[in-house]
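Biologist: Please take me through this structure, and tell me what stands behind each term you use.

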Amino acid sequence: MIELVIDSRRRDLGGFEVGRVLPFAQHRMVGPFVFFDHMGPIAFAAGIPRSVDVRPHPHIGLSTVTYLFDGEITHRDSVGSEIAITPGEMNWMTAGRGITHSERFDRLRRDGGEMHGIQAWVGLPTADEETDPAFAHHGPDDLPTYETGGMWARLIAGEAFGAKANVKVHSPMFYVHWRLQPGAKAQLPAEYPERAAFVVSGEVEVDGRSFHGGQMLVFAPGQPVLFTAATEAIVMLLGGEPIGERFIEWNFVSSSKERIEQAKADWRAGRMKLPDLDHDEFIPLPGDPPALASPAT
């Protein structure tokens, strides 16, 4: 039933650490999910430096999915969006042929507080890799919830458990947030060929084994999976139909290595527009010298 267990690896992003789960050398994708970072939990003091922010940077060939348990992030992008995401909401940004964005801790810098969430990347099917960039912010009304027997669930994107989120996706997939009380039982159906579960916190039992926060369980297809919460737990379920091999370099995802090289050249040459409301700095391509001025306005 359990094909692989992936332990998150700590990565320092310059102001706080994340737990990097996907891509993993032995299992780079789960359905269309090509990237999965567990952010925090961390307590920020008021007055944190701007170096903690994620400055403007580019993407191609994917959708970013940002979901928070605690805290707030201000998103600004090159299609004109500016919005703060808070717990219970979801940001879905489709890069397509190219988008740039920043993620700033404006409120936490002012007030301090907890920061905890997940950032995932969903690869686009080959036919949609060059689609127009777009951004959508989804509140609780778009994300169905369900509660029974010590289990609470929110469908963040896609279709699962007989529900469908009001979120535009580009391939069959599911993404679910579970909260489990001690002793609660919950089952992941077998409807998708690729499925995984990430234990955010607490401890769960699956197939006679115990798993803890920071571990992703990748499941073999064809059988439902029963979870029992040994403690209060938060679990993220994810997966869907495979979309084929994807190459990842820095923030670029594509079915073509040549397309990634073109994106790198475009960013280096300043051919990718910066966010309308955040264009005074940017992250250089790794290996390039530090940025002295905006590459584009």
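**Overall build**

Modeller: Two helices and 25 strands make up the chain's secondary structure. Helices (H or I, at least four residues) and strands (E, at least two) are DSSP runs, numbered from the N terminus. This is a predicted model, in which local features need pLDDT of at least 70 and side-chain atom pairs count only at pLDDT 80 or more, while totals for chains, interfaces and linings use all residues. Residues are numbered from 1 along each chain as its sequence is written, and side-chain values use heavy atoms, with hydrogens and water left out.

Biologist: How do you know that the radius of gyration of the chain agrees with that of a compact globule?

Modeller: The radius of gyration is taken over C-alpha atoms, and the globule rule is 2.2 Å times the number of residues to the power 0.38. For 297 residues the rule gives a value near 19 Å; the chain has 19 Å, so the two agree. The C-alpha trace spans about 55 × 45 × 35 Å along its principal axes.

Biologist: What share of the residues in the chain is buried, and what does the word require?

Modeller: Buried means under 20% relative accessible area, exposed means over 50%, and partly exposed is in between (1.4 Å probe, protein chains only). Of the 297 residues, 54% are buried. As for contacts (heavy atoms within 4.5 Å), 69% of those with a separation of 6 or more are between residues 24 or more positions apart.

**Helix α2**

Biologist: What makes the length of α2 agree with that of a helix?

Modeller: The expected span is 1.5 Å times one less than the number of residues. Helix α2 (residues 257–269) has 13 residues and should therefore span 18 Å; its end C-alpha atoms are 19 Å apart, which agrees.

Biologist: Which residues of α2 are buried, and why do you say they line one face?

Modeller: They are R259, I260, A263, K264, D266 and W267. Seen down the axis of α2, these buried residues fall within an arc of 160°, so they line one face of the helix. The arc is that of the directions from the helix axis to the C-beta atoms. The face turned away from the buried side carries the exposed residues K257 and E258. The cover over the buried residues includes β5 (54–59), β10 (99–104), β24 (247–249) and β25 (252–254). Just after α2, G270 takes a positive phi of about 80°.

Biologist: Why is M29 called buried?

Modeller: Its relative accessible area is 15%, which is under the 20% limit, so M29 counts as buried. M29 sits in the loop between β3 (17–22) and β4 (33–44). Leaving aside neighbours within four places in sequence, M29 is in contact with V34, E194, I243, G244 and R246. The C-alpha atoms of M29 and G239 are separated by 8.9 Å, although these residues are 210 residues apart along the chain.

Biologist: Why is F161 called partly exposed?

Modeller: F161 has 40% relative accessibility, which lies between 20% and 50%, so the term applies. F161 lies in the loop between β14 and β15 (163–164). Phi of F161 is near 55°, a positive value in a residue other than glycine.

**Strands**

Biologist: How do you know that β6 pairs with β11 and β9?

Modeller: Two strands pair if DSSP finds at least two bridges between them. Eight bridges join β6 (residues 62–70) to β11 (residues 113–123) and five join β6 to β9 (residues 90–94), so both pairs meet the rule. β6 runs antiparallel to β11 and also to β9. T66 has Q119 as its bridge partner in β11, and V65 has W92 in β9.

Biologist: What makes β6 mostly covered?

Modeller: Eight of its nine residues are buried.
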